[in-house]
Amino acid sequence: MAGRLHSFTAVIRNFTRNVSTSKVSGSEIRHVSQASAPLILDEKFDNARNVVAAREAWVETLDANTSEVGMIALHPDVFAVCPRMDIIHENVVWQRKYKMVSKAHTKTKPEVRGGGRKPWPQKGTGRARHSSIRSPLWVGGGVTHGPRAFTTQFYMLPIVTRIHGLTSTLSVKFAQDDLKIVESLQMASDEPGYIEKLCENRQWGPSVLFVDDTDLMPRNITIATDTIQHMNLMPVYGLNVYSMLKHSTLVLTVDAVRRLEERILYHLNRPDLHKENATPFNKQN
Amino acid sequence: MTTVAGSLMRSLGAVAQGMVQATPVALRGVSQGLAARATPTSATWTPQVTSVRHRYHADKLNRGPLMKNYGFEDRLHTKGLMPHVVHGKRLPIPVYRPKNGWAEKRALFGQNDYIDILGDGSLKPTDVSYSVPYWLRGFKGNEYQMLLRKRKFFHAEMGKYQPTKLTELNKRIRKLYVHLNQKTKDYYWRKA
C-alpha cells in the first residue's frame, strides 16, 4: 500500500519538475494563477493510527472551465474510519434533542378556572359524589399528569462519541463520493445560475454545503448562494453531523480539510481527553 | 185545480203524441234492430235507432284518479334526483401546507453544535444555543427543579411586575415539594 503510494507520488513529482521550476512541497498552497502545474498536496501522515493508507482526492475549482487542478492526501484517522452507524445516529438524535424545549402545557385541577363549589350534596341526589367540577374525572377538568411547560431534554454526549460521529460521517461522505475538495471558494461570477449550472454539470447533489476555514466567505459565492436555499455556506467550526447528512454533497476547501484534520487529531491525541470526557452536568439520581 | 192540471196534462199528452207521431225518438237502451221489430213498420215511417256504447273504463280514466286528501300539500319529493343538502362543503380536514424544509433555520439546523471540538475550545454548545431561553440553557430537570430555577432567575423581576404570578409559582413549588417528599416514593422524582 505504502509502496504503491510512493510510486504514484514519484511519477507526479517528476511531471512537476519537467513542467515548472518551482519546488512544490506538501504544505505550500499555490495561487490560482499558476494553472499549468497541478497542485499536489501529498502529506505523509506519520501520526496515523489507522492501518489503512491515506485517502486521495481530486482538488477542483469553482470554475466551470477547469475540471481538476491537483490532488490531496486525506488523513485516514479522519476520512478513512470504518463508519459506525449507531454513533452517527446517536449524534443526530443528540443534536435534535439537547436544544429542544417543549412548551406543551396543561392545567392541573386547581389551575382550571372555576370548580370551587361542591356541585351537589354528598348524599340524597342519587348521583355519584363529587366535590368539584374540575376534577380530572370531569370533561373540562384538570389534567393530572400532563405535560408541564418548559420541559427540556438536555444532555451531552461524551466528547469521544461526538468526535467519532464527525469522523464516521466524513468517512461515509468520502466513500460515497459526496465529498468534494476545492482549492478555494473563489468564483468567477455572482449569478445564482452560474453555481446552479456548475453543480448540475458536475452532478453535485441537489443540496450542497460549502465549508471554508473562515467566517467571511468570498463575495461572489455569498451573493450567488444567498437566494438558493439548498446551497449553504458554513465555517469549519459550524460543521456538524446533522448538516452533513442533510446536504447531499459536502464541498470542503483545502484550508478547511487541513483545519478539520488538525482539530480532530488534536482531540484524539491529547493526553487529558478523559477529563474532557466527563460530563460536567450532574445527572439527578 | 184539477181542471187546470187536467187541461195541462191533456195538452202535454197531445204534444207528446204529436211528437212521437212526428219524429221517432231514439230510445235509450234499445237497439236499432229491436226497436225496428218492436215498432210497427209502416210504408211511410222508418224509425232511426242509434245505439250507444258505454265506455265506462275509458270514462273513468278520463276523469283521472280519485281526488283524496283535498287541500293537503305533500312536501315529499316523490320523483326526480335526490336533492343536495349543502353544496360544495368539504370535510373538516385542515388544508395541507407543507413546511419549507430548506428555510434558513432548518437548512442550518445543528450549526455550531461541535464548536468546542472544531473551534478553539473557548466556546461550548450551550454558550451558542440562542434558540433556547437563557435560563434553560444546559439545564434538564423535572418540573419542581425547573420552577426552582425559574424563581432563582426571576423572583426580583416577577416581584415587581408580576406579583400574582410569583405567588402562584411559590404555591406550585410548595405543592410539588409536599407531593414529592411526603406523598410519593422516591422514584417519582424522575417523573415529576
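## Chain B at a glance

Among contacts (heavy atoms within 4.5 Å) in chain B between residues at least 6 apart in sequence, 26% link residues at least 24 apart. Chain B has 8 helices and 0 strands; helices (H or I, at least four residues) and strands (E, at least two) are DSSP runs, numbered from the N terminus. Of its 192 residues, 21% are buried, meaning under 20% relative accessible area, while exposed is over 50% and partly exposed lies in between (1.4 Å probe, protein chains only).

This is a predicted model, where local features need pLDDT of at least 70, side-chain atom pairs count only at pLDDT 80 or more, and totals for chains, interfaces and linings use all residues. Residues are numbered from 1 along each chain as its sequence is written, chains are lettered from A and ligands numbered from 1 in the order in which they are written, and side-chain values use heavy atoms, leaving out hydrogens and water.

## Salt bridges

Over all chains there are 16 salt bridges, each a side-chain nitrogen of Lys or Arg within 4 Å of a carboxyl oxygen of Asp or Glu. In one of them, A:Arg258 pairs with A:Glu43, with the closest N and O atoms 3.3 Å apart. A:Arg258 sits in helix α8 of chain A and A:Glu43 in the loop between β1 (39-41) and β2 (55-60) of chain A, so the pair ties together parts 215 residues apart in sequence. A:Glu43 is partly exposed, at 32% relative accessibility.

Over in chain B, B:Arg75 bridges to B:Glu73 at 3.6 Å between the closest N and O atoms. B:Arg75 is exposed at 72%, and B:Glu73 is exposed at 58%.
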